[in-house]
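Biologist: I'd like to learn how to read a structure like this one. Can we go through a few features together, slowly?

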Amino acid sequence: MYVSFAARIRLCGSWHCRKTFLNEFLVDVTLKQSRESLWVPYVESIRCFYPSRLNARTWPYNDILIRKRDWEVFERDHEAYKDAEQAQAERKEGVAQTFAAEERDAQREQVMEQCNAATERFPQIMEVSTHLSRWKWNYDRLYRNTKRLNDAWTKGLAEREGWKLGDLVTTQVYGSLQRRKTFLLEKLDADDVTPIRFDIESELLAMQARQKCQMAEATYRDNLSELKKIYDRMRCGTLGAAETPAGTSGSSVPWILPPLNVFYTLPSVRALKGSPDPSALLPSSTSVTSDIKSSLAMSLITADIHTWLIPVRKHLMTLLGYPNGWQSASMRMLPPLKRVTARFLCRQCGKVGRGYQRQGCLDLKGVCSHVCAATSGKRIEGRPQEIEASDGNAQEKGKKKSSGNTSDWKVDVFAKDEKAISLIKTILNLAGLSEEDPATATALNARGGTIRCMTCKGWIVMDFDTAIGHAHRHESMQIQLLTKSGPDHVGFLKRDAGVLNAETYRPISSTRLAFERGTSELLLGPSRRARNLCKKVNYGCRHCLFVDESLCAVVGIEKAVKGKGPRAMDFNGLRSHVKKKHGIQDIGDEDFFCYNGIQKDGEEG
């Protein structure tokens, strides 16, 4: 809106904007320029920027506040005007002039005419602008008084009718009426509301319905958030002892849980999360959040999880060869589903979660938390025929094919991982361990990179978890167990038709032959350090690293390497090499070595 009509200043109602404009874009020239010789319009009164100053002086008695750019133009024009006056005085005295001087005199006369015309218009512009400013100040004063009266009347109307004041003034019917009446400086009365009362009621009812929907959705969203937090804490094993229901462990052991979308369908969880439908939202005197965190709610959730696990365990036990269940009075025997040989695959998508990428298969916890990835119409080997048929029928009917990421979780899509189980049993036999022993998993993980694949060419060594994933590359994987004789030394045992004897060769102290876990995850990561490490020519292919085992006991493993060994490459070149020459799509830690070691996160330099 206009703040000054004469200076043509338009600003918003913000005090900060007015103060900034006054200090940065205006200049006070009251002491620099006389009013009689000024023809540039300026601010009518300081009240234009300070409306509360009722006694502020107006034109022609106010201070001269002019725009800085207008003042610069005026100073230039004023100098030209004085030069023109001096030239005119010289002509009157009869001073002889040249032709060029006569042309300059003509230009000066034109400047004088323009300045004189602006000087004649100046008082008229200032007078009209001053009247407009006074009218505006009076209108603003009456507008504020009228608005105060109409707001008070509206508040009384809302109290009499039982309406919410905030809802009433935001309705389109009454809100527009109140604003128009206030703009015209007219007071509201009952005659203005009577014709539109029905429309006001309709808008208020619609507004209240929207508010109930928003409240129900917000409550539903908060409940989902709280249940998600409980789910995450149960999955990570960080649920506090005070929140753990009686009869369950309050330790930091992660729980075996279904996928989150299946967790939401459990009866107790479904009752706690409620519904976004406002008609289903029951009034409660207690907080819903406190109900979710109560011990009773946790007990119900725990009971539902145990109930959900019963058919899951039964089906997986059947896959492992225990259709009638398993029982033992011994406390030193692991149940079949907790053993290292309990490995499964999803026949529907053939994928595993991020935590099982190295192993390439799922244990009990992985099966329960598995969410199928989208298959994109590709057939998975070993997928049940009834699933294929159901998908085909759905496509014939024109229905969108499900991506698998739904709450329709089924345990019958999982199958026993024969390759992984066969390898694990072979390792247990060679190492003299039992799958029923609770300490077996710890012993296997403590061996480190002492498992060598004899099916692959080259020197392919790996740890237990990597060997499980590596087994999926071969139909029948032959292995050799190496003995670890020091922190940086690796020795190996003779292999004869898959059977080990007691003869041990000398230790190996070569970094090229030792297994480094986690290197591929580091190099395939999205960090800047990973990109820089991939560019270094520091990596060699283990499949091209051939060792003459007959010379190891005589000259040592370093000199037993045949030829010059594999050439050094950058990591992207190495990935292309193993993919083209060795047919390996996803490179792992067992497929390459580093000529110079890489310091991983958390390791001391």
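Biologist: Let's begin at the start of helix 20. Which backbone nitrogen does a side-chain oxygen of Asp570 reach there?

Modeller: Keep in mind that this is a predicted model. A side-chain oxygen of Asp570 comes to within 3.2 Å of the backbone nitrogen of Asn572.

Biologist: And what happens just after helix 20?

Modeller: Look at Gly583 there: its phi is positive, about 70°.

Biologist: Which residues of helix 20 are buried?

Modeller: Buried means under 20% relative accessible area. In helix 20, which covers residues 571–581, the buried ones are Phe571, Leu574, His577 and Val578. Now look down the helix axis: these buried residues fall within an arc of 110°, so they line one face of helix 20.

Biologist: Let's turn to rings. How many aromatic pairs are there?

Modeller: Two rings pair if their centres lie within 6.5 Å. The count here comes to 18 aromatic pairs. Take Tyr42 and Phe122: their pair is tilted, at 5.9 Å centre to centre with 35° between the planes.

Biologist: What does the pair of Tyr42 and Phe122 tie together?

Modeller: Tyr42 sits in the loop between strand 3 (26–28) and strand 4 (65–67), while Phe122 belongs to helix 3 (residues 99–161), so the pair links parts that are 80 residues apart in sequence.

Biologist: Are Tyr42 and Phe122 buried or exposed?

Modeller: Tyr42 is buried, with 1% relative accessibility, and Phe122 is buried too, at 7%.

Biologist: Which aromatic cluster do Trp135 and Tyr139 belong to?

Modeller: They form one cluster along with Tyr143 and Phe183.

Biologist: Last topic: charges over rings. Where do Arg53 and Arg160 sit?

Modeller: Arg53 lies over the face of Tyr50, 4.1 Å from the ring centre. As for Arg160, its charged end is over the ring of Trp153, 5.7 Å from the centre.

Methods
Residues are numbered from 1 along each chain as its sequence is written. Side-chain values use heavy atoms; hydrogens and water are left out. Buried means under 20% relative accessible area, exposed over 50%, partly exposed in between (1.4 Å probe, protein chains only). Helices (H or I, at least four residues) and strands (E, at least two) are DSSP runs, numbered from the N terminus. The arc is that of the directions from the helix axis to the C-beta atoms. A polar contact is a pair of N or O atoms within 3.5 Å; within protein, one must be able to donate a hydrogen and the other to accept it, and residues adjacent in sequence count only if both atoms are side-chain atoms. Rings of Phe, Tyr and Trp (its six-membered ring) pair if their centres lie within 6.5 Å; planes under 30 degrees apart count as stacked, over 60 as edge-to-face and the rest as tilted. A charge sits over a ring if NZ of Lys or CZ of Arg is within 6 Å of the ring centre and within 35 degrees of the ring normal.
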